[in-house]
Amino acid sequence: MVQNSLLDGGKTHDAIPYPRDSRWQREWGRYDYSRSGNPTRDGLQATLASLEGGVGALAFSSGMAATHAVTMLLSSGDHVVTSADCYGGTYRLLHKVCDRAGLTVSLAPSHDLAAVEKAIRPNTKLLWIETPGNPLLSITDIAACAKLAHDRGLLLGVDSTFATPVLTRPLELGADIVMHSATKYLGGHSDLLGGALVVRDKALYDRLYFIQNATGAVMGPLESFLCSRGLKTLELRVREQCRTAAQLADYLAGQKQVRQVYYPGLSTHQGHELAARQMDGGFGAMICFDVQGDFQVAKNVVQRTRLFHLAVSLGAVESLIEQPAAMSHASYDPAARAAHGITDTLVRLSVGLEAFEDLRDDLDQALQASATE
Ligand SMILES: Cc1ncc(COP(=O)(O)O)c(C=O)c1O
């Protein structure tokens with residue numbers, strides 16, 4: 001295994017230890033300033049670390065702030081390889097913000113290990129994957145990526161927002177960092193914005209704590225409380241949402257207005273067998289499908305549902321619908337979007353806790369009406 005230079009114990013930056021261990025804390029008390037430490041946030045972080053099996057967790061003001069903190073481990077001239085099937089905001093951060101700090105980025109279809117290996121350069125420091133990917137729900141082999149990353153001296157970070165710790169625990173599969181948009185399943189009720197990093201290694205944790213404290217994008221106490229409360233029902237929600245999503249995916253696969261359905265639980269899905277091994281007892285509650293027709297037909301579908309609310313978020317108790325090309329992935333360059341299969345006719349669903357029959361009937365009326373317009 002090649003030693004990763006980002007784990008150099010802070011030779012290039014001053015890493016301060018987590019306050020709990022520090023002399024500062026002993027002398028001045030545990031909670032002297034809320035950016036550096038807060039009891040409600042600490043409670044949430046302890047739960048998150050336990051759920052993911054990490055040495056520690058850090059709660060951020062948003063998922064993007066969490067991802068941004070990881071990129072701040074890197075220095076000008078470093079290179080990142082990331083999943084082509086990734087959240088549009090991650091694409092925007094890496095291509096349109098981090099580029100100004102001198103980072104370069106390559107997208108690779110991370111379900112294809114040979115393609116990932118090919119994208120790695122001598123200056124690559126971070127492999128950042130999303131599984132299931134957003135929006136096409138491609139499945140990436142976390143353990144294989146961890147081996148590849150560590151053999152080449154890279155860190156592996158996994159955006160596990162879609163999977164949640166109920167279905168996948170990336171640190172147990174060898175990842176160094178797991179990231180969540182806590183805005184989604186962890187919170188679960190569309191009433192908070194937050195992000196989280198959970199880390200396997202203490203030295204890396206200390207460096208991320210230093211970055212978070214220095215840059216300040218911490219989760220507030222109210223959001224920390226709401227997220228802790230959301231976590232109490234995480235498993236119940238996710239299991240039920242997976243059950244309904246599987247039924248909806250089967251329904252959609254049988255509709256003539258639907259060209260293709262993307263759902264890891266379908267045997268026709270690209271990563272189905274890997275998902276069955278890597279995901280614990282469910283395939284998630286996100287579904288995408290391509291409608292027959294054009295951009296306008298897909299737009300009509302997302303505007304016609306009544307129970308599925310039109311919004312780009314996901315992972316909450318209420319079901320949501322959106323059109324990635326115009327909404328969640330609008331910040332992709334159009335050519336990159338086309339190259340990665342994010343078509344104008346794609347519709348994305350986040351399945352909530354409503355009854356399957358009601359959700360099916362809602363989609364049914366939207367598909368029928370949109371096709372005849
Ligand atoms: C997979 C994924 N990662 C990261 C994010 C960013 O999270 P946030 O909106 O909390 O900043 C999102 C948001 O939609 C997402 O879907």
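# Chatting through a predicted model

Biologist: Leaving aside its neighbours within four places in sequence, which residues is Thr-47 in contact with?

Modeller: Thr-47 is in contact with Ser-228 and Leu-231. Contact here means that the C-beta atoms of two residues, placed from the backbone, lie within 7 Å.

Biologist: What kind of model is this?

Modeller: It's a predicted model, where local features need pLDDT of at least 70, side-chain atom pairs count only at pLDDT 80 or more, and totals for chains, interfaces and linings use all residues. Residue numbers start from 1 along each chain as its sequence is written.

Biologist: OK, back to Thr-47. Which helix is it in?

Modeller: Thr-47 belongs to helix α2. Helices (H or I, at least four residues) and strands (E, at least two) are DSSP runs, numbered from the N terminus.

Biologist: And why does Thr-47 count as partly exposed?

Modeller: Because it has 18 C-beta neighbours inside 10 Å. A residue is buried if 20 or more other C-beta atoms lie within 10 Å of its own, exposed if 12 or fewer, and partly exposed in between, with C-beta atoms placed from the backbone.

Biologist: At what angle do α2 and α9 cross?

Modeller: At roughly 35°, and their axes come within 8 Å. Axes are lines fitted to C-alpha atoms, for helices over the stretch in contact, and angles run from 0 to 180 degrees between N-to-C directions. The crossing is left-handed, meaning the near helix is turned anticlockwise from the far one by less than a right angle (clockwise would be right-handed).

Biologist: Which residues make that contact?

Modeller: From α2 it's Thr-40, Arg-41, Gly-43, Leu-44 and Thr-47, and from α9 it's Pro-221, Ser-224, Phe-225, Cys-227, Ser-228 and Leu-231. They divide into five nonpolar, five polar and one charged.

Biologist: Which residues of α9 are buried?

Modeller: In α9 (residues 221–231), they are Glu-223, Ser-224, Leu-226, Cys-227, Ser-228, Gly-230 and Leu-231. Their cover includes α2 (39–52), β1 (56–60) and α10.

Biologist: Let's switch to sheets. What is the strand order in the open sheet of seven strands?

Modeller: The order is β1-β7-β6-β5-β4-β2-β3, with mixed pairing. β1 and β3 (104–108) are the edge strands, each pairing on one side only. Two strands pair if DSSP finds at least two bridges between them. From one strand to the next, the twist averages 20°. Helix α8 (residues 202–215) packs on this sheet, touching β1 and β7 (195–199), and its direction makes about 20° with that of β1.

Biologist: Why is β5 largely enclosed by the rest of the structure?

Modeller: Because five of its five residues are buried. Leu-155, Gly-157 and Asp-159 are on one side, and Leu-156 and Val-158 are on the other.

Biologist: How many bridges join β4 to β5?

Modeller: Five join strand β4 (residues 124–130) to β5, and the two run parallel. Leu-127 has Leu-156 in β5 as its bridge partner. β5 (residues 155–159) also pairs with β6 (residues 177–181) in the parallel sense, over three bridges. There, Asp-159 is partnered with Met-179 in β6.

Biologist: What about the open sheet of five strands: what is its order?

Modeller: β8-β9-β12-β11-β10, with mixed pairing. Its edge strands are β8 (258–262) and β10 (309–310). Four bridges join β8 to β9 (residues 286–291), and those two run antiparallel. Helix α10 (residues 234–253) packs on the sheet, touching β8 and β9, with its direction at about 10° to that of β9. Helix α12 (residues 295–304) lies across β9, β10, β11 (320–322) and β12 (346–350), at about 20° to β12.

Biologist: Is Val-166 buried or exposed?

Modeller: Buried, with 20 other C-beta atoms within 10 Å. Val-166 sits in helix α7 (residues 164–167). Not counting residues up to four places away in sequence, Val-166 touches Leu-234, Glu-235 and Val-238.

Biologist: Last one: how many residues surround the ligand?

Modeller: 14, and the closest are Ser-62, Gly-63, Tyr-87, Ser-181 and Thr-183. A residue counts as near a molecule or strand if its C-beta atom, placed from the backbone, lies within 6 Å of it. The shell divides into four nonpolar, eight polar and two charged residues.

Notes: Ala, Val, Leu, Ile, Met, Phe, Trp, Tyr, Cys and Pro count as nonpolar, Asp, Glu, Lys and Arg as charged, and the others, Gly among them, as polar.
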